[in-house]
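Work through the exercises below with the sequence and the model open. Each task is followed by a solution in steps.

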Amino acid sequence: MKANKIYIQAAAQISAQQPLSESWMTSPVTLEEPYVRSCDPNFKEWFSVLEARRMGKLMKRALVTALKVMKDTAIEQPDAIITGTGLGCIENTELFLDQLCREGEEMLKPTYFMQSTHNTISSLIAIKGRCHGYNSTYSHKSVSFDSALWDAFLQLQLGDISTALVTGNDEMTPSYFRILQRTGFVGQPGQVAASEASAAMMLTCVPQQPLCEVQSVQLSLGTPQLEMFAGQADALMMGYNGTPANDHVYAQLAAQLPGIPQLHYKHLFGESYTASALGIYACSHLLHAGQAPAFLRCDGEEAPLDVRRILFINHSDGNNVSCILLRSV
């Protein structure tokens with residue numbers, strides 16, 4: 001049986017850059033602080049004040065990005081909704097635990113607890129869109145979104161589904177930033193800013209003016225052999241973030257494909273457990289435009305780069321490595 005081709009029809013983001021916009025491709029926002037929260041859109045344009053009161057910030061962002069790509073593609077009820085998140089709704093979790101410490105167990109508000117679980121995000125999108133199909137959430141640290149994309153890719157290839165909404169969502173509260181800062185994950189000299197990520201994209205088997213084609217999705221335990229991608233990519237999109245241990249892994253992987261120009265994205269979108277969602281989002285729009293601006297290059301060159309095929313590489317702690325090959329259409 002011949003596998004289906006998979007396309008990204010639309011992709012949207014809410015991040016440290018201008019929300020629901022691709023203005024970062026020409027006028028990027030510079031992230032100068034070690035900790036930057038997302039720039040939120042006007043949520044009143046998407047749902048009522050009463051609805052907004054019931055949702056935390058991350059749930060609002062996740063819902064808006066999902067609704068945006070559903071509107072752009074006219075696919076209101078995708079066959080599958082799959083989310084990747086490292087921390088889930090950590091802000092609601094903190095609010096619930098703070099109230100528990102202050103007031104004990106007898107007078108707790110159930111809303112914070114109900115909206116603190118990781119799978120709340122996918123569930124909310126399904127309820128809003130009245131979707132009754134496959135609904136799943138992956139929480140695997142920095143490859144959470146990559147795992148969600150892999151799930152959708154396989155099901156679409158096999159023909160089990162024809163449309164899939166894949167999202168990546170994480171927030172960074174001040175208290176959790178301080179915890180991760182002590183571990184060295186973020187907030188150190190020379191590192192990119194710690195930030196938040198909400199990205200959504202619609203995957204289909206039928207191309208209708210898509211942003212790009214997803215040719216391959218691979219997740220490996222340990223260091224993969226990248227020779228199979230030789231000659232298949234015009235550029236490598238890497239997750240360099242200024243941490244020596246992290247960047248060393250990318251340098252080793254890039255060494256397997258010498259001579260291929262390298263791009264990076266975390267200096268624009270920041271570091272988070274689902275930063276890779278923003279990386280794939282960026283790749284899809286770069287391929288649609290056919291060119292990567294010079295400020296995305298990290299290979300010593302200072303000229304814009306024409307791109308038709310990008311190999312996106314991501315890893316979590318140097319052990320779990322994802323390789324996602326995208327091609328312009």
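**Exercise 1.** Determine how far helix 6 is enclosed, and list its buried residues.

*Solution.* Helix 6 spans residues 144–158, helices being DSSP runs of H or I with at least four residues and strands runs of E with at least two, numbered from the N terminus. Buried means under 20% relative accessible area, exposed over 50%, and partly exposed in between, with a 1.4 Å probe and protein chains only. By this criterion 11 of the 15 residues of helix 6 are buried, so the helix is largely enclosed by the rest of the structure. The buried residues are Ser-144, Phe-145, Asp-146, Ser-147, Ala-148, Leu-149, Asp-151, Ala-152, Phe-153, Gln-155 and Leu-156.

The model is predicted: local features need pLDDT of at least 70, side-chain atom pairs count only at pLDDT 80 or more, and totals for chains, interfaces and linings use all residues. Residues are numbered from 1 along each chain as its sequence is written, and side-chain values use heavy atoms, with hydrogens and water left out.

**Exercise 2.** Compare the span of helix 6 with the expected one, and inspect the residue that follows the helix.

*Solution.* The expected span is 1.5 Å times one less than the number of residues. From first to last C-alpha, helix 6 reaches 22 Å, close to the expected 21 Å. Just after helix 6 comes Gly-159, with a positive phi of about 85 degrees.

**Exercise 3.** Repeat the analysis for helix 3 (residues 90–103) and find what covers its buried residues.

*Solution.* Helix 3 has 14 residues and reaches 20 Å, close to the 20 Å expected. Its buried residues are Ile-90, Asn-92, Glu-94, Phe-96 and Gln-99. The cover over them includes helix 2 (57–73), helix 4 (110–114) and helix 7 (174–183).

**Exercise 4.** Give the strand order of the open sheet of 10 strands and name its edges.

*Solution.* Two strands pair if DSSP finds at least two bridges between them. The order is 3-2-4-5-1-6-12-11-7-8, with mixed pairing. Strand 3 (134–138) and strand 8 (262–264) are the edges, each pairing on one side only. Inside the order, strand 6 (residues 212–221) and strand 12 (residues 320–327) pair in the antiparallel sense over eight bridges. Within this pairing, Gln-218 has Cys-323 of strand 12 as its bridge partner.

Terms used: Contact means heavy atoms within 4.5 Å.
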